[in-house]
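Please look over the model below before reading on. The points that follow take up packing, rings and charges in turn.

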Amino acid sequence: MKLHHIGIVVPKINESMGEITNYIKFETISATIPVQSQKVNICFLKIGEPFLELIEPVEKDSPVYDFAKNGGGIHHLCFEANNIHDELARMEKKGATILVKPVIGFDNRLIAFVDLNMKNTKCGLIELLESN
């Protein structure tokens with residue numbers, strides 16, 4: 001596995017883009033991409049690796065709507081896996097909780113969300129992204 005991106009929830013991508021690009025010059029900025037399975041729009045910002053991903057909820061029943069409403073912030077780390085199903089099974093055996101089973105995400109790639117249930121490290125929410 002390798003770290004693919006850091007997901008940051010924002011209320012509005014366009015407004016956040018103006019703020020962040022005022023301070024940081026990115027190599028590339030993707031177009032806004034809808035991810036229907038999560039009811040969000042996303043945008044990838046590249047400045048080396050990993051990417052930054054801005055995540056904007058588009059409906060009130062989006063999984064990140066309340067987080068964005070409360071100001072948003074760093075939401076998850078995303079790791080790219082060769083076989084998402086094998087990786088999920090391995091993590092589940094070690095005590096992780098699968099929050100979102102594999103669904104189609106951006107670029108028609110499978111994504112899943114997992115809580116690693118870590119007590120001492122407060123970054124337990126991860127996304128798995130199946131490699132191309």
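**Notes on packing, rings and charges**

1. Phenylalanine 51 counts as partly exposed, at 21% relative accessibility. The terms run as follows: buried is under 20% relative accessible area, exposed is over 50%, and partly exposed lies in between (1.4 Å probe, protein chains only). This is a predicted model: local features need pLDDT of at least 70, side-chain atom pairs count only at pLDDT 80 or more, and totals for chains, interfaces and linings use all residues. Residues are numbered from 1 along each chain as its sequence is written, and side-chain values use heavy atoms, with hydrogens and water left out.

2. What does phenylalanine 51 form with phenylalanine 44? The two make an aromatic pair of the edge-to-face kind, 5.8 Å centre to centre with 65° between the planes. (Rings of Phe, Tyr and Trp, its six-membered ring, pair if their centres lie within 6.5 Å; planes under 30 degrees apart are stacked, over 60 edge-to-face, the rest tilted.) Phenylalanine 44 is buried, at 8% relative accessible area. The structure holds two aromatic pairs. Ring pairs join Phe44, Phe51 and Phe106 into a cluster.

3. (Strands are DSSP runs of E, at least two residues; helices are runs of H or I, at least four; both are numbered from the N terminus.)

4. Which residues does valine 40 touch? Leaving out residues up to four places away in sequence, the list includes Ile33, Pro34, Val35, Ile55 and Val64.

5. Now the charges. Side chains of opposite charge can pair when their charged atoms come close. The count comes to four salt bridges. (A salt bridge is a side-chain nitrogen of Lys or Arg within 4 Å of a carboxyl oxygen of Asp or Glu.)

6. Lysine 2 forms a salt bridge with glutamate 80, with the closest N and O atoms 3.9 Å apart. Lysine 2 lies in strand 1 (residues 2–9) and glutamate 80 in strand 6 (residues 73–81), so the pair ties together parts 78 residues apart in sequence. Lysine 2 is partly exposed, at 44% relative accessibility. Glutamate 80 is buried, with a relative accessible area of 12%.

7. Where else does glutamate 80 form a salt bridge? Its other partner here is arginine 109, with the closest N and O atoms 2.4 Å apart. Arginine 109 sits in the loop between strand 7 (97–104) and strand 8, 29 residues from glutamate 80. Both arginine 109 and glutamate 80 are buried. Shared partners join Lys2, Glu80 and Arg109 into one network.

8. Aspartate 61 forms a salt bridge with lysine 39, the closest N and O atoms being 2.6 Å apart. Aspartate 61 is in the loop between strand 5 (51–57) and helix 2 (65–69), and lysine 39 in the loop between strand 3 (33–35) and strand 4, so the pair ties together parts 22 residues apart in sequence. Lysine 39 is partly exposed, at 27% relative accessibility.

Notes
Contact = heavy atoms within 4.5 Å.
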